[in-house]
Amino acid sequence: MAFLTGILSVAETIAQPNGIPWEWLILKVFSFVVNYGWRVVLFTVLLKLLLYPLDLFQRYKMRKNQKITERLKPEMDRLQKACGGNTQEFQQKQMQLNKREGYSYFSACLPAIVTMLIFFWLFYSLNNISQYMIMRQYLEWCDVYNAAYEQVMPDNYDELTEDEKAAAKMSATETGRKAVYEFYYNNDKTYNQNGTNMENFLWIKNIWSPDVPWKKPILEYDAFLKATGDWSKKSGKLGIEQEKLDAALAQYTDVTGELQKSAENKTNGLLILPILAAGLSFLSQFISQRQQKKSGQNMGAMGGSMKFMMVLFPIMMVFFSLTYTSAFTLYIVVNSAMTILLNLLSSLIFGIKDKTAEKAATATIIKYGRPDPNDRIKK
């Protein structure tokens with residue numbers, strides 16, 4: 001069986017994704033966290049904390065806009081009366097006045113743009129990691145299967161009759177399948193020393209597949225090819241010969257046979273992550289838009305666009321969650337939860353700051369008298 005010997009230990013020689021920085025961080029830097037799901041959680045929390053100054057900058061600009069809007073309200077009312085029903089003239093003068101007073105229309109949007117760019121960058125990276133990990137896992141099974149297969153094949157195979165050869169192949173195939181099953185559920189490469197699967201996460205059996213009940217943890221062949229993308233099509237990406245990759249893929253049914261029919265291979269998830277992703281995304285958008293409306297940014301046609309985004313974003317999250325890896329859905333859930341918590345914390349801090357400023361302003365008024373607001377408005 002020389003052809004099997006040629007594809008032994010394929011998994012030990014394949015190249016890893018070389019994306020920077022996400023693949024490197026998740027696969028290398030955070031490798032001290034054994035379970036991949038918790039690795040994604042830790043990565044998301046640290047990334048969110050790292051980007052938190054951008055959120056604070058956005059909140060600062062929104063609050064600055066709010067203060068300017070409140071201060072200019074009397075002047076805006078006079079402008080609106082002076083312009084009558086000429087909406088275009090009013091908006092033009094309004095923008096001129098806001099610009100003169102330091103109102104920022106776009107700086108508060110910069111953190112949101114950065115966040116969106118990172119979102120789609122991570123979407124690509126986490127799916128690339130998932131495709132790679134599914135492929136690597138299968139190649140590890142191939143190595144185990146082929147080693148067990150070779151071990152039980154008789155040395156005098158070529159001297160056997162056709163019936164004896166068929167019986168030997170059947171026995172070797174069964175032995176290989178059982179070896180893969182034992183490897184998947186008992187070997188330290190798949191489980192840590194405490195018996196916890198590295199690739200499951202709470203109720204999810206395979207973090208690299210969607211958290212849905214209509215998909216199995218061990219994919220059928222066509223689903224496997226789709227889930228691995230270019231990693232199962234381009235041998236150069238893996239850093240191995242095309243012949244070895246083709247030979248490994250040709251064995252898929254035999255290698256995964258015992259895993260496919262096992263009682264554990266039923267549903268991969270329970271739809272919990274997709275529901276959480278949609279719900280938290282909606283709540284996060286709702287809170288953000290309430291803050292923007294309070295700051296005076298929700299004006300005119302922008303209000304309708306923001307309401308549309310409040311509906312669109314949860315729909316997008318559901319689509320991503322049902323279609324792509326649970327690792328990315330887990331990122332969405334943790335990131336949205338962190339966003340909500342940090343926003344609430346920021347609101348609490350800014351609220352305390354406002355009360356302190358109001359007390360100081362009240363003390364100044366009592367001591368010196370209230371200033372004329374018209375003195376602060378340039379005509």
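This is a predicted model: local features need pLDDT of at least 70, side-chain atom pairs count only at pLDDT 80 or more; totals for chains, interfaces and linings use all residues.

Mentor: Residues are numbered from 1 along each chain as its sequence is written, and side-chain values use heavy atoms, with hydrogens and water left out.

Trainee: How many helices and strands does the chain have?

Mentor: Helices (H or I, at least four residues) and strands (E, at least two) are DSSP runs, numbered from the N terminus. By that rule, the chain has 14 helices and 0 strands.

Trainee: What percentage of the residues in the chain is buried?

Mentor: A residue is buried if its relative accessible area is under 20%, exposed if over 50%, and partly exposed in between (1.4 Å probe, protein chains only). Of the 379 residues in the chain, the buried share is 45%.

Trainee: How are α3 and α5 oriented to each other?

Mentor: Helix α3 (residues 36–83) and helix α5 (residues 110–152) pack at about 170°, with axes 11 Å apart. Axes are lines fitted to C-alpha atoms, for helices over the stretch in contact, and angles run from 0 to 180 degrees between N-to-C directions. Angles under 35 degrees count as roughly parallel, over 145 as roughly antiparallel, 65 to 115 as roughly perpendicular and the rest as oblique. Therefore α3 and α5 are roughly antiparallel.

Trainee: Which residues of α5 does α3 meet?

Mentor: Contact means heavy atoms within 4.5 Å. From α3, Tyr 36, Phe 43, Leu 47, Leu 51, Leu 54, Phe 57 and Gln 58 take part, and they meet Pro 111, Ala 112, Val 114, Ile 118, Leu 122 and Met 133 in α5.
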